[in-house]
Amino acid sequence: MALVPLGTVTLKSGERVEAAVVRAPDSEWAPKLERFLGHKGQIWQWQNSELLRHDVGIEARFHILHRAGAPLAHILTAELNGVGLFGHVYTDPADRGQGASSALQALLIDDFRRRGGRALYLHTDHGSQAYRLYQKAGFVDLEAGSGDMRLLNMDAGAFDRAALDAKDAAIAPLDWRHWPTASVLFAGDQPGIVRAAALGLVGRSLTEEHFLPLIQAERARAADAAPAAVALQAPDGAFLGFASRLPHPHWPGIDMLDCYCHPAWWRRAGDLIAALRIDPKRRLIAHADARCSDQGRAFASAGLKRVATVPGLAASGAAMRNRADVDIFLHAGT
């Protein structure tokens, strides 16, 4: 795709540079941006290359400031139907302190609002300089002190009620289409803080980084193999439920089963777990917030037996003050 101009930015030095959007996939810009963002960790480099080189079914927009085609600042948004992730904020060290990132961010947000975008999610260190910059731009805390933030371009209540408006939803192996919107569910203010124990998702959390290895594994999975992670998604992109079966990190021969749904969609939890096609011979362990009866019923309906309740085992929030008893479920295998 062609480079989409966003305007001209004047840096603090007085130099004028061009702002633009690389709408991925883009084979011409892929190597340039891969080099520019090459400091990122391996999973992030894979993510950038996938979006830059393949049509993965989401809107990936690599916002840049550049000098005659040489990038000096960058921000990524990855969206599905106007909801998505904001990240990979980076300025070349030689150009820092010139207001490049803040200028690019302002253009990005103006463009997002103009396009009718609905919500962007990000994570940063709470109270940091970046946090204050995002706060000034209109991002608000999802939970006090967490560093998880979102920018809304519509009424918050209407946005949060969108999952209730969904009339139907489909289950599919976890893929790129789920990546931009999954954080809406997992960072939402709804019952159950044990959301995906195997991934460390306890409490309101963004899934941006946690889901990438799962998506990578699913895209490499043999067609006849059972999926390790599945998602429930409405036609408009609303992410309504998730289930996964992953090897226990410490106990060989045992898999961890996770399942979490929007309160209005727990009725599909059994379908999610069934879609994992779990071998009945496998030993399973699952963890449920004791206050979230729907979650416990989902595991029990899948054939797991509640064997213990551990008081106060799960904790969430910036100060870890939101504690929950955790029900432990087991399936001994056959």
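Let's start with His88, whose place is in strand E5. Strands here are DSSP runs of E with at least two residues, helices are runs of H or I with at least four, and both are numbered from the N terminus. Before going on, note that this is a predicted model, where local features need pLDDT of at least 70 and side-chain atom pairs count only at pLDDT 80 or more, while totals for chains, interfaces and linings use all residues. Residues are numbered from 1 along each chain as its sequence is written, and side-chain values use heavy atoms, leaving out hydrogens and water.

Most residues other than glycine have a negative phi, and most peptide bonds are trans. His88 isn't a glycine, yet its phi is positive, about 50°. Ala68 also has a positive phi of about 50° without being a glycine. You'll find Ala68 in the loop between strand E3 (59-67) and E4.

Are these residues buried or exposed? Buried means under 20% relative accessible area, exposed means over 50%, and partly exposed is in between (1.4 Å probe, protein chains only).

| Residue | Relative accessible area | Class |
|---|---|---|
| His88 | 7% | buried |
| Ala68 | 86% | exposed |
| Gln295 | 1% | buried |
| Val140 | 46% | partly exposed |

There's also a cis peptide bond, with omega about 0°, joining Ala24 and Pro25. Pro25 sits in the loop between strand E2 (16-23) and helix H1 (30-36).

The protein splits into domain 1 (3-157) and domain 2 (165-331), with bounds that come from an automatic or database domain assignment. Taken over C-alpha atoms, their centres are 29 Å apart. How many residues of domain 1 are in contact with domain 2? There are 25, and they meet 24 residues of domain 2, where contact means heavy atoms within 4.5 Å.

Together the two domains bury about 2,200 Å², 68% of it on carbon and sulfur atoms. Buried area is the accessible area (1.4 Å probe) that two parts lose on being put together, summed over both. On the domain 1 side, Trp46, Leu80 and Leu85 lose the most area to domain 2, together 26% of what that side buries.

The interface has 1 salt bridge, meaning a side-chain nitrogen of Lys or Arg within 4 Å of a carboxyl oxygen of Asp or Glu. The side chains of Arg219 and Glu50 form a salt bridge at 3.2 Å, N to O. On the side of domain 1 that touches domain 2, the elements giving two or more residues are helix H2 (42-53) and strands E4 (70-80), E5 (83-91) and E6 (119-123). H2 gives the most, with 6 residues.

**Two more residues to look at**

Gln295 belongs to helix H10 (residues 293-301). Its side chain reaches the backbone oxygen of Cys259 at 3.0 Å. Leaving out residues up to four places away in sequence, Gln295 touches several others, including Val194, Tyr260, Trp266 and His287.

Val140 is in strand E7 (residues 140-141). With residues up to four places away in sequence not counted, Val140 touches Asp148, Met149 and Arg150. The C-alpha atoms of Val140 and Leu152 are 8.7 Å apart, with the two residues 12 apart along the chain.

Definitions and conventions. Polar contact = N/O pair within 3.5 Å; in protein donor to acceptor, adjacent residues only side chain to side chain.
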